[in-house]
Amino acid sequence: MQPTSIHDSVREHYAERARTETSCCSSSALYDDQLLKDLPTDISQFSLGCGNPITTAALKPGETVLDLGSGGGLDCFLASKQVGAAGHVIGVDMTPDMLAKARANAQRLGYPNVEFREGYLEALPVDDNTIDVVISNCVINLSPDKPQVFREVFRALKPGGRIAVSDIVTNGALPEAVQKSMAAWGACVAGALTVQDYARGLIDAGFVDVRVTPKETTDKWLAALPIGVPFSATITARQPRADEQPSGEMPDGVELETAGELKIDGLEDLIGRVTDMDSIENGYDLRLEGDLAEIRAKVAEVQQSVGCCSPLKFELVEAADGAHLRVTNPPASAFVSIDSLN
Ligand SMILES: C[S@@+](CC[C@H](N)C(=O)[O-])C[C@H]1O[C@@H](n2cnc3c(N)ncnc32)[C@H](O)[C@@H]1O
């Protein structure tokens, strides 16, 4: 397989991350503390993921697990404990600096059932029909050829084998400038598929029981905004069993589930004050009524609640005609200093 310029650019981005040891969100924001407690902090806190595929995977002792884009190895180490001595975990990554880091971590931990292989998602270095579970954390969006990745995952899995993936998806096409920005590729944004395209890609590769679900309440809310924002999702699917005939139909599970509680502190209060709404570039301008000091406090609460991991920006504009809440997807220029997104 010929590496592409996207591979080269993404590899450089993650080589730098491996060398400088800079994580994205804290692992504690993604995983239950119980899961992480047996690992040294430098290993447990080095996550470049956007979810927790380990809990989704519900691994069983003896299973063989393949982690696509294993980075520093955190998910492999967590999987290793769950599949036990009779199981096996293979991490695949294309970035030598990441592999060196993961292998050094594995040696320190002394886990005998984990190995890391150099390779591309688009040409997985594993034999056909050998894997029980494919996991991946914030990686498939980085591939320039997702249909090929889905075919490779299908090839590697045993009949009935399953996938449990955390990834960035969108609720609509991203602005063209973002799609072309190499910095936005590296930051897991530009290559994100829409929820529907993700599901369609898996179904076309032959998978059944496909589900693409916004991760948590914040992400569910982001998914509801009709402005093409990236958000984290949990993706599950399985290979059909030998006696099963896939229908090729889109399942119900890809409809965005936006019902349920909004857990962004202060947001419901602000929504209750909206008297008018305009579309603006990359978002909405919501006119608010009420006491300005209270509105300021609520906007600050929302900004705090959404935190650094959200790609959406909530900004208060105090104009002559009153207070406005601007909810925007950052403009393309913001993707250049991408750390604000991570
Ligand atoms: C966002 S990081 C996630 C790392 C890890 N899964 C985690 O949760 O910390 C993406 C990783 O995938 C690797 N990667 C990206 N695209 C790849 C591809 N096409 N083939 C193999 N590895 C890839 C990168 O080298 C990097 O280590």
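How many of the 7 residues of strand E12 (residues 322-328) are buried?

Mentor: E12 is mostly covered, with 5 of its 7 residues buried. A residue is buried if 20 or more other C-beta atoms lie within 10 Å of its own, exposed if 12 or fewer, and partly exposed in between, with C-beta atoms placed from the backbone. Helices (H or I, at least four residues) and strands (E, at least two) are DSSP runs, numbered from the N terminus.

Residues are numbered from 1 along each chain as its sequence is written. The average pLDDT (the predictor's confidence in each residue, from 0 to 100) is 84 for the protein, and 82% of the residues score at least 70. Residues 256-262 have a pLDDT below 50, and beyond near neighbours in sequence this stretch has 18 contacts in the model; two residues are in contact if their C-beta atoms, placed from the backbone, lie within 7 Å. Residues 331-342 also have a pLDDT below 50, with 22 contacts beyond near neighbours in sequence. Where pLDDT is low, the predicted coordinates should not be read in detail.

Back to the strand. E12 pairs with strand E11 (residues 313-319) in the antiparallel sense, over 7 bridges; strands pair if DSSP finds at least two bridges between them. The two strands form a hairpin with 2 residues between them. In this pairing, Lys313 stands opposite Thr328 of E12. Phe314 and Leu325 belong to a second, separate core of 11 residues that also includes Leu288 and Val306. A nonpolar core here is a set of buried Ala, Val, Leu, Ile, Met, Phe, Trp, Tyr and Cys residues joined through C-beta atoms within 7 Å.

The largest nonpolar core has 73 residues, and Ala79, Val134, Ile135, Val169 and Leu202 touch the most other members. Ala79 is in contact with Ile54, Leu59, Val65, Asp67, Val89 and Ile135, leaving aside its neighbours within four places in sequence. Ala79 is also one of the buried residues of helix H5, along with Leu74, Asp75, Cys76, Phe77, Leu78, Ser80 and Val83. Because 8 of the 10 residues of H5 are buried, the helix is largely enclosed by the rest of the structure. Just after H5, Gly84 takes a positive phi of about 70°.

Strand E4 (residues 131-137) and strand E5 pair in the parallel sense, over 6 bridges. Val133 stands opposite Arg162 in E5. E5 covers residues 157-170 and is mostly covered, with 11 of its 14 residues buried.

Asn129 lies in the loop between strand E3 (114-118) and E4. Asn129 has a positive phi of about 50° although it is not a glycine, and with 12 C-beta neighbours inside 10 Å it counts as exposed. Cys138 is in the loop between E4 and helix H7 (146-156). Cys138 is not a glycine either, yet has a positive phi of about 70°; with 23 C-beta neighbours inside 10 Å, Cys138 counts as buried.

Next, the ligand. It is surrounded by 26 residues, of which Gly49, Gly69, Gly71, Thr95 and Asn137 are the closest; a residue counts as near a molecule if its C-beta atom, placed from the backbone, lies within 6 Å of it. Helix H1 (5-20) and helix H5 (74-83) each supply at least two residues of this shell, and H1 gives the most, with 4. The shell divides into 12 nonpolar, 10 polar and 4 charged residues, where Ala, Val, Leu, Ile, Met, Phe, Trp, Tyr, Cys and Pro count as nonpolar, Asp, Glu, Lys and Arg as charged, and the others, Gly among them, as polar.

For the chain as a whole, the secondary structure comes to 13 helices and 12 strands. Of its 342 residues, 47% count as buried. Among contacts with a separation of 6 or more, 72% are between residues 24 or more positions apart.

Terms used. This is a predicted model: local features need pLDDT of at least 70, side-chain atom pairs count only at pLDDT 80 or more; totals for chains, interfaces and linings use all residues.
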